[in-house]
Amino acid sequence: MKKAVFALAMFMSLPALAEDSSVVKDSIKSTVSGVIAAGKDALSGVKDGVDDGRQSGSSIDGAVIVTDKENLTKYVTVSVLSAEKVADQEYKLTLALRNNTDKIVRLSNLNESKSLILIDKDGFISSLKTPLTPGEFDITIPENAGVKQRYVFGGVEDVPATLRLYGMDIAVPAPAAK
């Protein structure tokens, strides 16, 4: 709020400062920079608040919400069942996600760039071929059950070696050719 008032005062005094354009430029630059930084901090705070709220509060169906490596390893066993080259620089991975608890588990925020990454044998990363839709951001695994999930990664220049899910590295088996 203070920065907005400052910006308004600066704009109102522009005619008086017009003789020294560097003062005007620096003042506007500082104000805009501060507003942008505050906006980024606010958005980051909103995202962190949503994540914390989802994890600490009970979901409608009583599911345990997983958004990090610690909770992933605590509630879910993950493996890559298969890797298949489906086109030039594209691989489809089939994951097995097993919930061995008596609670529903929901993997959330899979749309975030650090949540789901394919790494080739030389350590270079590839992302999903197409972004996840809102219905795909979360995976719900019923109690004492498993689900298979398939993802296609694009821009894979070398043989995939590792899938990184919430920071946990999972070995990828040798790919089958199409």
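On a 1 Å grid over the protein atoms alone, a pocket is an open set of points with protein on both sides within 12 Å along at least five of seven lines, whereas a cavity is a set of points where a 1.4 Å probe fits but cannot get out, and lining residues are those with an atom within 4 Å of a point. Grid points are joined across faces, edges and corners, and a volume is the space filled by probe spheres set on the points. The model is a predicted one, in which local features need pLDDT of at least 70 and side-chain atom pairs count only at pLDDT 80 or more, while totals for chains, interfaces and linings use all residues. Residues are numbered from 1 along each chain as its sequence is written, and side-chain values use heavy atoms, with hydrogens and water left out.

In these terms, the second largest pocket has a volume of about 150 Å³. Its lining is made by L110, N111, E112, S113 and L116, together with S127, L128, T130, P131, L132 and F137. If Ala, Val, Leu, Ile, Met, Phe, Trp, Tyr, Cys and Pro are counted as nonpolar, Asp, Glu, Lys and Arg as charged, and the others, Gly among them, as polar, this lining has six nonpolar, four polar and one charged residues.

One of the lining residues, L116, leads on to the strands, for it stands opposite L165 in strand 9. Strands (E, at least two residues) are DSSP runs, as are helices (H or I, at least four), and they are numbered from the N terminus; two strands pair if DSSP finds at least two bridges between them. Strand 5 (residues 116-120) and strand 9 (residues 160-165) run antiparallel and are joined by five bridges. Strand 9 also pairs with strand 10 (residues 168-171), again in the antiparallel sense, over four bridges, and here T162 has A171 as its bridge partner.

Elsewhere, an open sheet of three strands has the order 1-4-7, with mixed pairing. Its edge strands are strand 1 (64-66) and strand 7 (139-141), each of which pairs on one side only, and the twist averages 20° from one strand to the next, where axes are lines fitted to C-alpha atoms, for helices over the stretch in contact, and angles run from 0 to 180 degrees between N-to-C directions. Strand 1 runs parallel to strand 4 (residues 105-107), to which three bridges join it, and V64 stands opposite V105.

Another open sheet of three strands has the order 2-3-8, with antiparallel pairing. Strand 2 (76-87) and strand 8 (145-154) stand at its edges, each with a single partner strand, so one side of each is left without a neighbour in the sheet. Strand 2 pairs with strand 3 (residues 90-99) over ten bridges, with R98 in strand 3 as the bridge partner of T77.

Two loop asparagines complete the tour. N109, in the loop between strand 4 and strand 5, has a positive phi near 65° and is buried (under 20% relative accessible area, with exposed meaning over 50% and partly exposed in between, for a 1.4 Å probe and protein chains only), at 11%. N144, in the loop between strand 7 and strand 8, has a positive phi near 50°, but this residue is exposed, with a relative accessible area of 54%.
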